[in-house]
Structure formats: structure tokens, C-alpha cells
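Work through the exercises below with the sequence and the 3D structure open beside you. Each task is followed by a solution that goes step by step.

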Amino acid sequence: MTPIMALNIPHTSKKRIVVVGGGFAGLAVIRALRRTRCQVVLIDKHNYHMFKPLLYQVASSQLNVGDIAFPFRKIFNGWKDFYFRMAYIESVDPTRKILRTTAGEVEYDYLILATGCVPNFFGIDAVKREALAMSNITDALNIRNRVLRNFELAVTAATDAERVSRLNVVIVGGGASGVEIAEMRRYVMPRDYPRLDMSHMHIYLVEGQDRILAAMSEKTSAEALDTLKRKGVEVLLNKKMTDYREGQAFFDDGERIPTCNLVWTSGIKCSTIEGIDQEKPERGNRNRVRGYDDIFAIGDLSIMHDDLSYENGHPQLARVAISQGKHLAKNLMSSFRGKEMKPYRYRNMGVMATGGRNR
């Protein structure tokens with residue numbers, strides 16, 4: 001390769017593998033490549049790996065950021081031929097084998113895309129503007145800060161109507177994230193605001209389908225629903241949000257709920273990668289990278305239909321991302337030895353969602 005003096009990454013005779021995204025998939029593939037004689041470059045917009053399954057505990061004031069965020073430079077401290085650069089990706093030039101980022105350009109022999117997903121607001125502009133998503137640490141801190149600020153304002157509220165609006169929390173989306181964050185009512189308010197009347201506070205979990213945790217069994221969904229109700233969460237099924245204005249959440253059945261705390265966990269989508277020819281993006285903008293033998297997509301970003309057990313693509317879960325990362329690393333090492341790559345098959349080890357402490 002002709003060296004490009006960008007990102008201050010030394011040019012060597014070794015193959016360079018560039019990984020975009022340091023989530024579960026990105027970390028898995030990098031760790032599995034440690035013993036190879038390759039130069040590995042990690043590009044991420046943050047300088048830390050986040051343990052996303054516990055993000056809701058940061059949002060609900062049960063954990064601090066340092067409990068779920070781990071700096072890349074500590075994770076890979078002492079690794080040879082590994083380089084981390086904090087940057088956003090802009091585009092890919094597959095012909096010249098160059099990745100363009102906000103910090104400069106970098107050449108690659110192999111490019112692995114593991115950029116994950118972002119919230120999907122389904123075109124509801126007011127929700128996108130006003131709601132609190134929960135996809136990263138900044139989001140979790142925003143939820144924590146807004147909820148606690150509104151609790152403080154509720155203490156000095158002049159009317160019960162204002163107090164209710166400050167205390168109500170509406171969570172849209174009955175998947176794992178929504179179910180988990182609904183726990184905040186039990187631990188935040190009684191501990192820190194003992195003089196506030198608990199009857200003024202309501203947590204609403206709104207789901208457009210006829211059950212929560214729809215990706216799991218009906219038995220699990222029913223058990224989770226019962227657990228939430230016993231904890232005082234008001235679960236509203238078969239209801240979709242249509243708008244948010246003047247401090248009120250509006251729904252398709254005409255109901256409106258006053259709240260200053262709107263949390264959105266109702267869907268995700270993937271960002272497109274400029275410069276890569278791809279098939280028409282599927283649900284959630286998930287992509288298949290075809291036509292290249294040096295570019296791969298893994299984790300939440302990717303979708304494949306070759307595994308007939310998952311016609312709609314593999315679930316966007318940490319376990320899938322980790323196994324894909326490990327499998328890709330094995331395939332790359334096989335190709336280095338002149339052997340054929342093997343197709344990926346996901347082995348489902350079960351799925352878990354947290355319904356609160358010890359649940």
C-alpha cells in the first residue's frame with residue numbers, strides 16, 4: 001500500500017484491518033484478531049466501550065457512568081500493532097480502499113463495519129425534538145438529569161396539575177429497554193424525595209403491539225407484564241404515540257397524557273455508509289454488503305438471510321454481535337492461510353431482559 005499520512009498511523013508491510021465501531025461486535029472481532037500478524041485500527045466516535053445492557057441503570061440513577069463505560073485505551077493497553085482513533089466516518093472509497101473520517105483518511109486491506117444503530121422516531125418531528133432517547137451514555141445522563149430536575153420543580157409546584165406533569169414519566173416502547181427503565185419509580189423517588197406524594201407520580205409504558213417483550217415467548221411477556229404492574233407501572237398496550245406538544249403526549253386513540261418526561265425506546269435504525277454499493281436497505285436500514293471481498297458488516301448494522309432459521313435477520317442483540325465478530329475473525333485468519341471462509345450460523349443460547357432488580 002502507498003502510505004497516506006493521516007490519523008498518524010504508521011505504514012507497515014502488515015495487512016491493515018480497520019474496524020469501525022467499538023461495540024460488542026467490534027470488540028469481539030478485535031480481540032479474536034490479537035494473535036494475527038496484522039495491524040488493527042479501531043475508529044469510533046467515542047473513546048470508550050459502553051456496556052449497553054446496564055444503560056438503563058445510569059438513566060434511573062442506580063449506577064454511575066464509570067460503572068458501564070470502559071476506555072478503549074485501557075482495554076487494549078499494551079497491545080502491539082493496535083491503534084485507536086476517535087472520529088466519525090464520512091465515506092468509503094472501495095476502489096482506492098480508503099476510509100474517510102472527520103480526522104483524516106486511512107487506507108485498509110480489510111474494512112469491518114460495526115457501527116450499530118441509532119433511535120428511530122418514525123418521522124414524528126416533535127418526538128425527535130423533545131423526547132429523550134436511550135442509546136448512549138449522553139442519552140442516559142440526559143434522562144437522569146431531566147427527571148431529577150423535574151422532581152425538584154415538582155417540590156415547589158404551585159398546583160397539583162403542574163406537579164403531576166413534572167412527575168409523570170411516559171416511556172414509549174415495550175421492548176427490553178422500556179421494561180428496564182420503568183424501574184426508576186421504585187428506587188429514585190422514595191429514596192431522594194420522601195415528602196413528595198407518590199400518588200402524583202405515574203410511570204406509563206406504552207407499546208403499540210398487544211404485549212410487551214414481543215420478541216420473547218408469550219409466557220415471558222405475561223410474567224414481565226405482571227411484574228411491572230405489581231411495581232406500579234401502568235402498561236398501555238395496542239397504543240401508538242402520534243405527537244407531543246405543550247407538555248402532553250398524544251396517542252392514536254385520542255388519549256393524551258401530561259408529562260415533562262418523555263422517554264423514547266420504540267425502535268432503532270442503522271445509518272447508511274456513503275460510497276458502498278449495497279442492496280436496498282431493509283427494515284431499520286439494516287444492510288448487506290455484497291460485491292466486496294474486503295468489506296464486512298457485523299452486529300446490529302448487518303442483516304443476512306442465508307441462515308434460513310432467521311428469515312428477517314438475526315436479532316439485534318449483544319450475543320449475536322459477539323458471535324459474528326468471533327466468526328469473522330476466524331474467517332479472516334482462514335483466508336490468510338489460503339482456506340475458504342465458512343458461512344455464519346447463529347446458535348441461540350436464549351434471550352434475557354431485566355425487569356428490575358433481581359428480576
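This is a predicted model, in which local features need pLDDT of at least 70 and side-chain atom pairs count only at pLDDT 80 or more, while totals for chains, interfaces and linings use all residues. Residues are numbered from 1 along each chain as its sequence is written, and side-chain values use heavy atoms, with hydrogens and water left out.

**Exercise 1.** Determine how exposed glutamate 130 is, and find the salt bridge that its side chain makes.

Solution. Glutamate 130 has a relative accessible area of 32%, which makes it partly exposed (buried means under 20% relative accessible area, exposed over 50%, and partly exposed in between, with a 1.4 Å probe and protein chains only). Its side chain meets that of arginine 129 in a salt bridge, at 3.7 Å from N to O (a salt bridge is a side-chain nitrogen of Lys or Arg within 4 Å of a carboxyl oxygen of Asp or Glu). Arginine 129, at 58%, is exposed.

**Exercise 2.** Check whether the length of helix H10 agrees with its number of residues, and then find which of its residues are buried.

Solution. Helices (H or I, at least four residues) and strands (E, at least two) are DSSP runs, numbered from the N terminus. Helix H10 holds 13 residues, 218-230, which at 1.5 Å a residue should span 18 Å (the expected span is 1.5 Å times one less than the number of residues). The end C-alpha atoms of H10 are 18 Å apart, in agreement with this. The buried residues in H10 are Ser221, Ala224, Leu225, Thr227 and Leu228. They cover an arc of only 160° around the axis, and so lie on the same side of H10 (the arc is that of the directions from the helix axis to the C-beta atoms). On the other side of H10, Glu218, Lys219 and Arg230 are exposed.
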